[in-house]
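Work through the exercises below with the sequence and the structure at hand. Each task is followed by a solution in steps.

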Amino acid sequence: MAGTNVEELIARGIRAVNSGKTSLALECFEEAVERRNTPANWSYLAFCLAKERRQFDRAIQLCQEAIRKDPQNAVHYLNLGRVYLQAGSTKDAIHVFRQGLLYESNSHIEAELRKIGLRKPPVVGFLRRDHPINKYLGIVMKKLRLR
């Protein structure tokens, strides 16, 4: 990959991440970071490190640094959320995904949240979710579009 320019390398890495080929993406972003040290490259490299090498602490640090340098880029939140999912921290991932959506709409973040399968809280909070009152109130409120 020594002969390719940085933009091609980054584009190839992003395509690889989006198609699930994180080992190829890791190679691309390791080289891209050496050539152009940007928050976006750190963020993608971090996800690849978590996915391929299970280096969660380093990946989280890279993503958080990318967010500190460029806080309004939803891609950084997407990658940090994916790192948290790889690390088994779904609650943190959901929180980060929602933060990213506050800055801009991102179809990849929305897809990750759909995969997780978020549920709304029960209508009556002190009753269990499967209690008949919660169950039927939820159905009625959904049909009335109040929920």
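**Exercise 1: a loop residue**

The side chain of Asn 106 reaches the backbone nitrogen of His 108 at 2.8 Å. The model is predicted: local features need pLDDT of at least 70, side-chain atom pairs count only at pLDDT 80 or more, and totals for chains, interfaces and linings use all residues. Residues are numbered from 1 along each chain as its sequence is written, and side-chain values use heavy atoms, with hydrogens and water left out.

Task: Locate Asn 106 and state whether Asn 106 is buried or exposed.

Solution.
Step 1. Asn 106 sits in the loop between α6 (90-103) and α7 (107-116); helices are DSSP runs (H or I, at least four residues), numbered from the N terminus.
Step 2. Its relative accessible area is 9%. Buried means under 20% and exposed over 50%, with a 1.4 Å probe and protein chains only, so Asn 106 is buried.
Step 3. Beyond four places in sequence, Asn 106 is in contact (heavy atoms within 4.5 Å) with Ala 74, Val 75, Leu 78 and Leu 101.

**Exercise 2: a helix residue**

Task: Find which helix holds Arg 82 and which residues Arg 82 touches.

Solution.
Step 1. Helix α5 (residues 74-87) holds Arg 82.
Step 2. With a relative accessible area of 10%, Arg 82 is buried.
Step 3. Not counting residues up to four places away in sequence, Arg 82 touches Val 17, Asn 18, Phe 47, Phe 97, His 108 and Glu 112.

How values were computed. Helices (H or I, at least four residues) and strands (E, at least two) are DSSP runs, numbered from the N terminus. A polar contact is a pair of N or O atoms within 3.5 Å; within protein, one must be able to donate a hydrogen and the other to accept it, and residues adjacent in sequence count only if both atoms are side-chain atoms.
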